[in-house]
2 protein chains.
Amino acid sequence: MRALVLDHHTLTLADLPRPRPTGECLVRVTHAGICGTDLKMLDGYASFAGIPGHEFVGIVEDAPANQRHWVGRRVVGEINVGCGACRWCSQGVKEHCPNRTVLGIRQRNGAFADYLTLPAANLHEVPASLSNIGAIFVEPLASCCRVLEQTAIDRGTRVAVIGDGRLGNLIAQVMCTRTTHVVLFGRHAHKLRAARLSGIDARLNDTPDDGPYDVVVDATGRPQGLVRALDLVRPRGTIVLKSTIAHDTALPLSQIPVNEVTIIGSRCGPFAPALDLLARGIVRVERLVSATLPLEQHAEAMTRARTELKVIFDLTAEG
Amino acid sequence: MRALVLDHHTLTLADLPRPRPTGECLVRVTHAGICGTDLKMLDGYASFAGIPGHEFVGIVEDAPANQRHWVGRRVVGEINVGCGACRWCSQGVKEHCPNRTVLGIRQRNGAFADYLTLPAANLHEVPASLSNIGAIFVEPLASCCRVLEQTAIDRGTRVAVIGDGRLGNLIAQVMCTRTTHVVLFGRHAHKLRAARLSGIDARLNDTPDDGPYDVVVDATGRPQGLVRALDLVRPRGTIVLKSTIAHDTALPLSQIPVNEVTIIGSRCGPFAPALDLLARGIVRVERLVSATLPLEQHAEAMTRARTELKVIFDLTAEG
């Protein structure tokens, strides 16, 4: 099968044997999205070597004997696979299992290939009303829904989202389902325009604003995001940190105790509400897709993903 | 009156006019404690110029006409004075009033002088069972009790406190009132010994430990404290940041989202439970006091406060 292989900061298209699942389902990937984490790993984050990619939609082609009903279904998949034995796994929180593998991120080959394997427990069937392109967004949107589990946001809550990339856009859309006071801050005119087309109050970073905010979500992927969040948040307010910053970052720490700010780290989230928001058209993602490319054009895809909103691999196409 | 005056990183003993309270009570200070914040201000933090000192006990000598009942009482005092008009003040949260003054820290002369003034609303009478030395600890202990308001700590909660100074010691004692799993980490053998005499499980920083911990409180006053806290805390655990770090600090930020850690900034706290814990002898502070010096020996006092547990000014003495 075709597979993009990451090794020492280099991505290469290779011809690898199709994986042989042991106790897992074999999924033929039809589409896979490029995420900021993929770009960070290309730059050295997480020391991953193997096939990256963790946002996908595909068709189950094979399954263990007792899970044959999955075969033929169109699925998306949760990316964390736990050991099944630890305290976290026993609580159903496999994303914090210390022995976990993570699709395309940690000791498990990912979705930038014709095939991947995942346990059936990780799979979610995609409803017919949701397109393949829409389904790509289930995993990142789930991570946005995680913010709703971690913070108390109601109609009166004033929320700022920093970062006008794909994640910031999705988070702002999710926040808009709970409160009418959502502002998205960014630095790219074309990305802010796309956000406004989705009905988001999107502003350039240096716009005078009517802060401070009760909740500030940092989705910049950059160290400066948290520094700006500390400026925007009110005393006793909450910052949700979505950005995974690879290197150590200098912060004005004294603002945290002086203003009694709470910072909450936020990672993966629940698939069910994300599937629901997409299937019902409450979160709209079509405008985010700037390119759909075959695996063979991975160099162009990765380059464009650094500046454009969303670049997707179409594995049903050949380059 | 005698007063220590801080100006451009220099502390000088001066003879100043006694303050004339307008709508506030006049307090004759009998004892005042040196806090880490005082030392940081001496090093330039908060750009304060004036009389520092915010941990005190004293006798009310004068009061506005409608508050004459305070005269003669022995008191400690909350250090934040709000504007009385803003949203925070209307909620009774004067410590976050944007226009607040803070005793000895922000636009208000403090306790390293024979007299200070505070509104009667800030004062708490000291019960007869509590010594002057004990009363000095009400303000810092209140800030430790704040942690109990911000976190859910019950009998089974595993707590680590980092920092074996006066604040870390007090926090550990407060945590011990809620859970039997408290470990204090530090780097000074003599301070750890003092903690053990108070019944605290106190260990050197590099001792192999049985972490991770549900809650980690950083009271090191040093940037490295938060870095170590990120190592000690479990996934989805809570770090309480008590340290006020004057300069920007480099942090391994990615651990926050990856482990979904919550960091809570914590500052001033409620006086009533602190008074209660001290008056009932549940928190013991005698062992923390290493020196009681007259105001005239301020240079020695400040120097010793950098390495010893607690140095106190006795304003009833003359140097």
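A salt bridge here is a side-chain nitrogen of Lys or Arg within 4 Å of a carboxyl oxygen of Asp or Glu. The legends below describe close-up views of a predicted model.

**View 1. Arg236(B) and Glu260(B) are joined through their side chains in a salt bridge.** The N to O distance is 2.8 Å. The two residues come from distant parts of the chain, 24 residues apart: Arg236(B) belongs to strand S14 of chain B, and Glu260(B) to the loop between helix H8 (255-258) and S16 of chain B. Arg236(B) is partly exposed at 27% relative accessibility, whereas Glu260(B) is buried at 3%. Both residues are part of a network of salt bridges that also links Glu95(A), Arg146(A) and Glu149(A).

**View 2. Arg146(A) and Glu149(A) form a salt bridge in chain A.** Their closest N and O atoms lie 2.8 Å apart. Both residues sit in helix H4 (residues 138-150) of chain A, and because they are 3 residues apart there, about one helical turn separates them. Arg146(A) is buried, with a relative accessible area of 9%. Glu149(A) is partly exposed, at 48% relative accessibility.

**View 3. Asp43(B) and Arg306(B) form a salt bridge between two loops of chain B.** The N to O distance is 3.0 Å. Asp43(B) lies in the loop between helix H1 (36-42) and strand S4 (55-62), while Arg306(B) lies in the loop between helix H10 (298-305) and strand S18 (310-314), so that 263 residues separate the pair. Both are partly exposed: the relative accessible area is 48% for Asp43(B) and 43% for Arg306(B).

**View 4. Chain A and chain B meet in an interface with 39 residues of each chain in contact.** The two chains bury about 3100 Å² between them, and 58% of this area is on carbon and sulfur atoms. Between the chains there are 4 salt bridges. Glu260(A) forms a salt bridge with Arg146(B), with 2.9 Å between the closest N and O atoms. Over all chains, the count is 38 salt bridges.

View 5. Gly186(B) stands opposite Leu204(B) in S12(B).

**View 6. Helix H10 (residues 298-305) of chain A has buried residues along one face.** These are His298(A), Ala301(A), Met302(A) and Ala305(A). Seen down the axis of H10(A), the buried residues fall within an arc of 95°, and therefore line one face. Ala299(A) and Thr303(A) are exposed on the face turned away from the buried side. Elements packed against by the buried residues include strand S1 (2-7), helix H5 (166-176) and strand S17 (289-293) of chain A.

Note on methods
Residues are numbered from 1 along each chain as its sequence is written. Chains are lettered from A and ligands numbered from 1 in the order in which they are written. This is a predicted model: local features need pLDDT of at least 70, side-chain atom pairs count only at pLDDT 80 or more; totals for chains, interfaces and linings use all residues. Side-chain values use heavy atoms; hydrogens and water are left out. Two strands pair if DSSP finds at least two bridges between them. Helices (H or I, at least four residues) and strands (E, at least two) are DSSP runs, numbered from the N terminus. Buried means under 20% relative accessible area, exposed over 50%, partly exposed in between (1.4 Å probe, protein chains only). The arc is that of the directions from the helix axis to the C-beta atoms. Contact means heavy atoms within 4.5 Å. Buried area is the accessible area (1.4 Å probe) that two parts lose on being put together, summed over both.
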